[in-house]
Amino acid sequence: MRIFSGIQPSGTPHLGNYLGAIKSWVETQNSEAYFCVVDLHSLTMEIDPKTLRNQRLELSASLFACGLDPEVCTLFVQSEVPFHAQLNWLLECVASYGELTRMVAFKDKSSRQEAQRASLLTYPVLMAADILLYDTDRVPVGDDQKQHLELTRVIAERFNNRYGQTFVIPEFSKPAFAARVMDLQDPTRKMSKSVSSPLGKLEIFDSPAEIEKKIKKAITDTDGEMRYDWELKPGLANLLDIYASFAGETPDQVASKFTRYGDFKTALAQLVIESLAPIAERYNALMTDRSELERFMRRGAEKASSVSEVVYARAATAMGLN
Ligand code: AQP
């Protein structure tokens with residue numbers, strides 16, 4: 001089973017990134033799994049060059065700390081494999097302008113920027129290139145990426161119909177719970193690195209005191225009934241999803257164990273603190289040896305290049321470039 005997924009080095013991963021994506025990457029990693037630090041995607045928004053440079057390595061270390069094993073799967077940085085940008089151009093000649101303007105993420109992010117970068121419109125095509133370059137069968141991502149995944153499938157099918165069988169059509173997969181972790185201060189919005197307020201997002205390296213504070217202050221409701229109900233009680237449902245995902249239980253099972261919000265929040269904070277502590281420890285150890293990390297990433301890029309080069313050549317030939 002070929003797996004591919006990516007994450008932007010746009011800041012420290014939060015619980016949404018971890019529970020929606022990274023945790024299932026760790027659980028399903030195999031020798032055919034490719035995970036990518038998608039630094040080109042981070043350029044769609046304003047980002048300081050020095051910050052981006054640092055965050056690429058920090059995110060790579062975070063992913064190893066979460067449990068990706070360089071001896072099992074392949075982790076690499078997108079811009080170190082040139083075929084991503086090259087295939088992007090070919091696919092931009094297959095995707096349509098109208099399709100890209102309909103992307104919810106584009107509408108959302110462009111409404112928050114004054115000078116909109118053209119790449120903010122076109123990056124879902126780069127995402128399609130990222131995925132299709134690895135003959136990917138399955139893409140484990142959070143629920144927010146579903147629309148982009150559907151576009152990837154549409155582009156791949158259109159390409160295959162027009163130029164002959166070239167790409168594998170990938171399937172989307174998401175976790176059973178916490179596939180869309182919501183902002184702790186606004187359960188109608190997803191938790192996001194760039195949009196959520198400091199209290200709204202819980203980052204994987206937050207201190208125990210910060211975790212306790214954020215969970216204690218998380219918005220719930222006033223009826224006080226422990227019940228899993230996304231429609232009427234989204235703040236509580238979000239917290240139940242988080243607990244369920246860490247504990248390996250269902251949200252209904254979790255709800256039945258508590259009668260008071262306060263007790264539930266205390267137990268949740270404890271569970272999150274205990275689950276994240278070993279990740280921070282491993283991260284600190286990994287960051288003491290940057291050259292070892294860089295060596296892992298160079299090896300990852302070499303392996304990713306050797307696979308994606310073949311798929312890129314197949315697509316270029318199909319279009320008449322070779
Ligand atoms: N709130 C979320 N709940 C569940 N999954 C989520 N993901 C992101 N937010 C949530 C999943 O995390 C993976 C990596 O996402 P990304 O960093 O590449 O970009 P994003 O989706 O744009 O995430 P952010 O945090 O909102 O970043 P910014 O603010 O920089 O754009 C993906 O699999 C995504 O589904």
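How many bridges join strand β2 to β3? In this predicted model, local features are reported at a pLDDT of at least 70 and side-chain atom pairs count only at pLDDT 80 or more, while totals for chains, interfaces and linings use all residues. Residues are numbered from 1 along each chain as its sequence is written, and side-chain values use heavy atoms, with hydrogens and water left out.

Strand β2 (residues 33–37) and β3 run parallel and are joined by 4 bridges, where strands are DSSP runs of E with at least two residues, helices are DSSP runs of H or I with at least four residues, and both are numbered from the N terminus. Two strands are taken to pair if DSSP finds at least two bridges between them. Across this pairing, F35 stands opposite L75 in β3. Strand β2 is also joined to β1, by 5 bridges, and these two strands run parallel; here G6 stands opposite C36 in β2. Of the 5 residues of β2, 5 are buried, a term that means under 20% relative accessible area, with exposed meaning over 50% and partly exposed in between (1.4 Å probe, protein chains only). A33, F35 and V37 point one way from β2, whereas Y34 and C36 point the other way. Strand β3 (residues 74–77) is likewise covered on both faces, with T74 and F76 buried on one side and L75 and V77 buried on the other.

Helix α3 has 18 residues and reaches 26 Å from its first C-alpha to its last, close to the 26 Å expected at 1.5 Å a residue, the expected span being 1.5 Å times one less than the number of residues. Its buried residues include L52, Q55, L57 and L59, and just after the helix G67 takes a positive phi of about 130 degrees. Helix α7 (residues 118–132) has 15 residues that should span 21 Å, and its end C-alpha atoms are 22 Å apart, which agrees. This helix has a kink of about 35 degrees centred on P124, the bend at a residue being the angle between axes fitted to the seven residues ending there and the seven starting there. Helix α7 is mostly covered, with 12 of its 15 residues buried, among them Y123, P124 and V125.

The largest pocket holds about 1100 Å³ of space. Of the 48 residues that line this pocket, Q8, K109, D144, Q145 and K190 are the closest to its centre. On a 1 Å grid over the protein atoms alone, a pocket is an open set of points where a 1.4 Å probe fits, with protein on both sides within 12 Å along at least five of seven lines, and lining residues have an atom within 4 Å of a point. Grid points are joined across faces, edges and corners, and a volume is the space filled by probe spheres set on the points. Helix α1 gives the most to the lining of the largest pocket, with 5 residues. This lining divides into 19 nonpolar, 17 polar and 12 charged residues, where Ala, Val, Leu, Ile, Met, Phe, Trp, Tyr, Cys and Pro count as nonpolar, Asp, Glu, Lys and Arg as charged, and the others, Gly among them, as polar.

The second largest pocket holds about 200 Å³, and α3 gives the most to its lining, with 5 residues. The lining of this second pocket divides into 3 nonpolar, 2 polar and 6 charged residues.
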